[in-house]
Structure formats: C-alpha cells, structure tokens
Amino acid sequence: CGCNNHAMTPEQYVQQKAAASGSSFYYAFLFLPKPRRGAITAFYAFCREVDDVVDNMVDPGVARTKLAWWQSEVAQSFAGQPTHPVMQALMPVVADYQIEQRHLQAIIEGCQMDLEQTRYLDFAGLQSYCHLVAGIVGEVSARIFGQTQAQTTAYAHKLGLAFQLTNIIRDVGEDAMRGRIYLPVSELQQFDVKAHEILKRPKPLAGNGTDEFTARFAALMRFQTQRAHALYGEAFALLPAADRRAQKPGLMMASIYQTLLREIERDNFPVLHQRISLTPVRKLWLAWKVQALGHV
C-alpha cells in the first residue's frame, strides 16, 4: 500500500496525514489534551486514508480492491493484528474511547457507496450516505472528545450531516468534474436545474451575471444552504449542557463551516468554478474564539 516507511512511527505517520490535509478538523484538534489529540488524529487519518481511495481513483476496480483490503485490515486489527500504520496508531486507543469495528466498517461502506453511486434521487437517499461518511465520523469524534451523555450521539450525527451538506455545497463544481452530483435529483427538478447543466459548469455571463441559469442555480443553492444552516441550529439544540465543554472541537469546526457557508452565500454561490475556502489564520481565529468564549 505504499506506506513502508520504516523510519516513521505510526504516530508520526498519522500526524503527517492529518496535517497534510489542511482541513478545518486540524484546527479543532490543536486545543485538545494530548491523549485525545493523538486518538482523534489517528481516527482522522483513517478517514482520510479510505476517502483518498475514492478521491484519487483512476480505476474503479482498483478502488474496490483497496476498500476490500481496508475492510479486512480493520477486521484483522480488531482481532489484534494491525499492519497499516494508521491502524497501528488507532488500535491502542479504541478501548479508551469505545471505538468499535462497526464504526470503521460503516465509514468504508460509505466510501463504497461513492464508487457505486453518482446520483441521489432524494434527500432521504443522500441522508443514508451522509449517515455513513459523516454521522458515524461525528459519533466516533464525540466519544474521543469526551462524551458523557447519550443524547450527544444524536447531536454528533446531526452536526455530521450539516458538515457533509456544507462540503457538498462547497464542492459542487469539483464533484461535477468527476461526474458526480450529490444534490438530490428531486431537488434539481424542483428548481428546474438539469444535471447536464451542472456537469457542463456554464460560466456566468460577463457583467451583471444574472443569466437565467445562474438565477436557477442560485435558488437551488440557497435552498441547500438554508437547510444546512437549519441543521446546525438543530444540532446545537441537541447538545446537552453537560457535554458542551468537552465537545468544543466540534463547535469550533461548526464555527468555521458556518462562516464558510455564509461566504459562499454572500458571493452568490460561485461554487461551479471556484472552491471557496477560509485562510488558515481565519480558521485558527474562529477556533480560538470558541475556545476562549465557549460559543459559536
């Protein structure tokens, strides 16, 4: 699998994998105590590893084989024989944070869905995909952060869904270049936006940029954005007061992601042609504010 770098410990490997992604998760981890930071870094590296199988896919057959390898690697790891540095870093902490084999297998299953499916007929179908690739990730993360209340799991799933929808909104153009549309087909129809139009990624007309495709597309995206914002609100309402402090890393990410969502809206959804992102210093500032003030 190309990771036979014996000079690197599993801990160094996962640290490098997590930091390289430059993601918002990384900023949230910075404020965690060391043991929890080690655990979330290893778990996040696992997620990146299986995600990359699909993202860097040249051939679907090869990708399927790699995911099957990961399924057996996870089973083997829980049987006491991890061979991949990510699993070697993760296994020593699974008991501490109640990470179960079913969690990791569900994430792999979500990536398999990505190989088999490039369209979702309705929001319910999209939600079942999000449950695997984001809800489960939220659930495991909440455990690592120090969940004490059962209700926090429902919060974590709802927040994961909000994050995934934010990613989908941000990545419409990039996904279209790979022939994928995650926006539900029924909602495209509702706003009279055709799949082929998204795949073509038409440039807005110069000048006022209010050609009719841009208007239809913006209406569709506004609908998506409003739903995502509503889900953040629902997630925060589900978080028990007793777990607020422990779950701060998730709230940091939420602050970063909601800010990103507002920027995309403010720029009238240029997502077909550019990837909107926040600067590292801005992400760090938003994370720090949650750390210092304790709210999003």
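Is Glu100 buried, partly exposed or exposed? In this predicted model, Glu100 comes out partly exposed, at 33% relative accessible area.

**View 1. Glu100 pairs up with Arg143 in a salt bridge.** The closest N and O atoms of the two residues sit 3.2 Å apart. Arg143 belongs to helix H7 (residues 123-145), while Glu100 is in the loop between helix H5 (85-94) and H6, so this is a link between distant parts of the chain, 43 residues apart. With a relative accessibility of 18%, Arg143 counts as buried, whereas Glu100 is partly exposed.

**View 2. Arg180 meets Asp114 in a salt bridge.** Here the N to O distance is 3.6 Å. Arg180 comes from the loop between helix H9 (172-177) and helix H10 (185-190), and Asp114 from helix H6, so the pair ties together parts that are 66 residues apart in sequence. Both Arg180 and Asp114 are buried.

**View 3. Arg64 and Glu116 form a salt bridge between two helices.** Their closest N and O atoms are 2.9 Å apart. Since Arg64 lies in helix H4 (residues 60-78) and Glu116 in helix H6 (residues 101-116), the contact ties together parts that are 52 residues apart in sequence. Arg64 is partly exposed, with a relative accessible area of 38%; Glu116 is exposed, at 52%.

Conventions:
Residues numbered from 1 in each chain as written. Predicted model: local features only at pLDDT ≥ 70, side-chain atom pairs only at ≥ 80, totals over all residues. Heavy atoms only, no water. Salt bridge = Lys/Arg side-chain N within 4 Å of Asp/Glu carboxyl O. Helix = DSSP H or I, 4+ residues; strand = E, 2+ residues; numbered from the N terminus. Buried < 20%, exposed > 50% of the residue type's maximum accessible area, 1.4 Å probe, protein only.
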